[in-house]
Amino acid sequence: MSDPSAALRLLTVAESAAADHAAAVAGVPGIRLMENAGQRVVEALTARFARGPVAVLCGPGNNGGDGFVIARRLAEAGWPVRLGLLGDPAALTGDAAHMRDAWAGPVEPLSPALLEGAGLAVDALFGAGLTRPLEGVAAEVIAALGQRRLPVVAVDLPSGIAGDTGLALGEAPDCALTVTFARAKPGHWLLPGRLKRGELVVADIGIPEAAVAAQDGRLWLNDPALWTLPRPDPAGHKYSRGHALVVGGGRLTGAGRLAARAARRVGAGLLSVAAPAAVHALYAGDQPGVMVRPLDGPGDLDALLTDSRLNAWLLGPGGGAGEVLAGRVLTVLASGRPVVLDADALTSFAEAPQSLFRAVRGPAVLTPHGGEFARLFPDLDPARLGRLEATRAAARRSGAVVVLKAFDSVVAAPDGRAVINANAVPDLASAGTGDVLAGFVLGLLAQGMAPFEATCAAVWLHGAAGRAVGPGLIAEDLPEALPGVLRHLFGAPDPR
Ligand SMILES: NC(=O)C1=CN([C@@H]2O[C@H](COP(=O)(O)OP(=O)(O)OC[C@H]3O[C@@H](n4cnc5c(N)ncnc54)[C@H](O)[C@@H]3O)[C@@H](O)[C@H]2O)[C@@H](O)CC1
Ligand SMILES: [K+]
């Protein structure tokens, strides 16, 4: 694979189906893909579990068809297999019907009784075709798996998890292993799907790479292979690394100070804080490298905007939501400067989000947490649409890069590109960590990174810094952990 990002590509359910279809057009029959899919599951399963009685739970579609292959191949390998089918065997069609006919053992009706004596269950009930919550005997069997604490191997997806959103439609089993095909889907990386799937194996089932690559949904798992961090030019100077500006609050200075620290650690050449003169000592006191600029009278913001070296702006942390801050945001947006809007800068537009979106004309990044997102985009409910679709729609509507912050942060650009981030640690859920993230984005924008790449990189660096600190972390630790993360990414310095 020449493109290092190709292995990080995620395919939606529709894109996966289109890749399967393209494979058929290219002469690879569905029956071969299904045989390979079953075989890959058996390989992953037998590499991890000792041989013993196994219950293979099959659904009415192609996920169930994979289950018939798995049952046959496990039985051939000497495993005691019981197969249960949801619905009438005669109702199976296409490739699944073919695989039913190739299975020599009995087909029992699906029921919790199938699990008696089993040491392992294979969940081949529903995969990409899931459209509604499991009900009836399917739901009963999933509940029984949990009660018996049986290890579960899921085919493609844990049944009950929606492939595009990761949302659980009703019950879904807690799996030890999920084997999916060709590419992972968003639901393998978004919560709760990510927590339900167990270990994830992405298996090659013979879909030609060109057929997969043709489905360019521009969706990736966030990774350093997707972006290039700026490196200081040996012949450059501090001004060539950008001059970032934090518009700080006059009352709560902690958030702005954290963001300033983060922007400096990630490489901004200079950093200024604009704030009321009365609190300048607070901003500069613990960081002698920070410069302060007055922001008291109405002309102060305009004076700052005449300084063209201030090439990336952050508004919001500790800013105090309200009309004054909203007015400043609109003025800065009108200038077209690269801007990051966080916290109070977002909340200031809760009553009139359209006025914010209309004002976006240059590179802009919005960094809402769930509550701020709901205030700006009340109709884009992530619990209904899924976090990926909600974030993509928000980016399209606002014309800004949007990161919806969480353990499974999603970053989306107005043009449809999106990443799901997966390196966060739960310890990052504490006060001030969002200010640090905003500062990382700011510092990368100041160094000339494009807003989508800067935001993806900032989110990843934030997760990596969180990992480097580990349990007990506080927001202040994250900028300090960054040099270690960067050293690891960049390797040893060039000795020349
Ligand atoms: N060529 C292909 O398309 C391949 C498909 N493969 C397998 O095929 C799966 C997708 O197959 P299908 O599209 O048949 O879909 P599923 O087997 O996931 O679902 C079958 C059907 O069940 C119905 N259904 C959805 N939710 C339900 C619910 N809660 N209760 C009752 N019925 C429900 C739907 O009408 C759906 O079409 C993949 O997940 C993968 O396991 C693999 O064999 C690889 C090749
Ligand atoms: K499944």
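Mentor: The shell around ligand 1 contains 12 nonpolar, 10 polar and 4 charged residues (Ala, Val, Leu, Ile, Met, Phe, Trp, Tyr, Cys and Pro count as nonpolar, Asp, Glu, Lys and Arg as charged, and the others, Gly among them, as polar). The model is a predicted one, in which local features need pLDDT of at least 70 and side-chain atom pairs pLDDT 80 or more, while totals for chains, interfaces and linings use all residues. Residues are numbered from 1 along each chain as its sequence is written, and chains are lettered from A and ligands numbered from 1 in the order in which they are written.

In total, 26 residues surround ligand 1, a residue being near if its C-beta atom, placed from the backbone, lies within 6 Å. The closest of these residues are Gly61, Asn62, Asn63, Gly127 and Gly129. Two elements contribute two or more residues to the shell around ligand 1, namely α2 (30-46) and α3 (62-76); helices (H or I, at least four residues) and strands (E, at least two) are DSSP runs, numbered from the N terminus. Helix α3 provides the largest share of the shell, with 5 residues.

Asp123 belongs to strand β4, which runs over residues 120-124.

Residues 16-213 carry the annotation "domain: YjeF N-terminal" in the unreviewed UniProt entry. Two local backbone features deserve attention here. Ala182, in the loop between β6 (177-181) and α6, is a residue other than glycine with a positive phi, near 70 degrees. Pro192 sits in the next loop to be described, between α6 (186-189) and α7 (193-196). The peptide bond that joins Leu191 to Pro192 is cis, with omega near 0 degrees.

For the remainder of the chain, UniProt gives residues 221-489 as "domain: YjeF C-terminal", again from an unreviewed entry. Over residues 221-489, 44% of the chain is helix and 14% is strand, and the end C-alpha atoms stand 17 Å apart. The domain division used here, from an automatic or database assignment, places domain 1 at 6-217 and domain 2 at 224-490. The centres of domain 1 and domain 2, taken over C-alpha atoms, are separated by 41 Å. Their contact involves 10 residues of domain 1 and 9 residues of domain 2 (in contact means C-beta atoms, placed from the backbone, within 7 Å). On the side of domain 1 that touches domain 2 there are 6 nonpolar, 2 polar and 2 charged residues.

Helix α20 (residues 477-490) has two packing partners to describe. With helix α19 (residues 451-469), α20 forms an angle of about 95 degrees, and the axes are 8 Å apart (axes are lines fitted to C-alpha atoms over the stretch in contact, and angles run from 0 to 180 degrees between N-to-C directions). The two helices are therefore roughly perpendicular, the word covering 65 to 115 degrees, with under 35 roughly parallel, over 145 roughly antiparallel and the rest oblique. Among the contact residues are Leu461 and Val469 of α19 and Leu478 and Val485 of α20. The contact of α19 with α20 comprises 9 nonpolar, 3 polar and 1 charged residues.

With helix α9 (residues 254-265), α20 packs at about 5 degrees, the axes lying 9 Å apart, so α9 and α20 are roughly parallel. Arg261, Ala262 and Arg265 of α9 meet Leu478, Pro479, Leu482 and Pro483 of α20. This contact of α9 with α20 has 5 nonpolar and 2 charged residues, and no polar ones.

Note on methods. Two residues are in contact if their C-beta atoms, placed from the backbone, lie within 7 Å. UniProt positions are given in the numbering used here, feature names are shortened, and annotations may be inferred rather than shown by experiment.
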